[in-house]
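I opened this model to look up strands, salt bridges, a ligand shell and a cavity. My entries follow in that order.

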Amino acid sequence: MFGIKSRKTISLLIIDAKCTGCGTCIGKCRRNVISLAEEGGYKWAWAVRPDECTGCGKCQKVCPEDAIHLMKKKIID
Ligand code: SF4
Ligand code: SF4
């Protein structure tokens, strides 16, 4: 008997130009995917553990700058 296997890929994009480094998204992520970087007085969020992202969307919902974009795709193997 044959079965179709599928898996989900998640792509998390944080747009530097929009991010103000407020850190709100970091507090919402239970998987510690996002961290803050700082250089020259500027702060911005970046995905330090992208493989841990479940695609729950909590970070995206709380971002006041609409700087986080999530893409989910189902791949059939
Ligand atoms: S989508 Fe969920 S798991 Fe992924 S970075 Fe955002 S809060 Fe964390
Ligand atoms: S909530 Fe948005 S603006 Fe704030 S640090 Fe996260 S990505 Fe940047």
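**Strands.** I count two strands as paired if DSSP finds at least two bridges between them. Helices (H or I, at least four residues) and strands (E, at least two) are DSSP runs, numbered from the N terminus. This is a predicted model, where local features need pLDDT of at least 70 and side-chain atom pairs count only at pLDDT 80 or more, while totals for chains, interfaces and linings use all residues. I number residues from 1 along each chain as its sequence is written, chains are lettered from A and ligands numbered from 1 in the order in which they are written, and side-chain values use heavy atoms, with hydrogens and water left out.

I looked up β2 and β3 and found them antiparallel, joined by six bridges. S35 has W46 of β3 opposite it. The hairpin of β2 and β3 has two residues between the strands, and G40 there takes a positive phi near 60°. A47 belongs to strand β3. For accessibility I call a residue buried under 20% relative accessible area, exposed over 50% and partly exposed in between (1.4 Å probe, protein chains only). A47, at 24%, is partly exposed.

I noted N32, with phi near 55°, a positive value in a residue other than glycine. N32 sits in the loop between α1 and β2. D66 also has a positive phi, near 55°, and is not glycine. Its place is the loop between α2 and β4.

**Salt bridges.** How many salt bridges does a search of the whole structure find? It finds two, taking a salt bridge as a side-chain nitrogen of Lys or Arg within 4 Å of a carboxyl oxygen of Asp or Glu. Side chains of opposite charge can pair when their charged atoms come close.

I took D66 and K18 to begin with; their closest N and O atoms are 3.8 Å apart. D66 is in the loop between α2 (58-62) and β4 (68-76) and K18 in the loop between β1 (6-14) and α1 (24-28), so this pair ties together parts that are 48 residues apart in sequence. D66 is partly exposed at 42% relative accessibility, and K18 is partly exposed at 37%.

I then took E52 and R31, whose closest N and O atoms are 3.0 Å apart. E52 lies in the loop between β3 (42-47) and α2, and R31 in the loop between α1 and β2 (34-39), so the bridge ties together parts 21 residues apart in sequence. E52 is partly exposed at 30%, as is R31 at 38%.

**Ligand 1.** Which residues surround ligand 1? With near meaning a heavy atom within 4 Å, I listed L12, C29, R31, V33, I34, C53, T54, G55, C56, G57, C59 and L70. I sorted them with Ala, Val, Leu, Ile, Met, Phe, Trp, Tyr, Cys and Pro as nonpolar, Asp, Glu, Lys and Arg as charged, and the others, Gly among them, as polar. The shell has eight nonpolar, three polar and one charged residue.

**Cavity.** I searched for cavities on a 1 Å grid over the protein atoms alone, a cavity being a set of points where a 1.4 Å probe fits but cannot get out, with lining residues having an atom within 4 Å of a point. Grid points are joined across faces, edges and corners, and a volume is the space filled by probe spheres set on the points. The search of the whole structure gave one cavity of 30 Å³ or more. The volume of the largest cavity is about 90 Å³. It is lined by 16 residues, of which C19, C22, C25, A45 and C63 are the closest to its centre. The lining divides into eleven nonpolar, four polar and one charged residue.

Technical notes. On a 1 Å grid over the protein atoms alone, a cavity is a set of points where a 1.4 Å probe fits but cannot get out, and a pocket is an open set with protein on both sides within 12 Å along at least five of seven lines; lining residues have an atom within 4 Å of a point.
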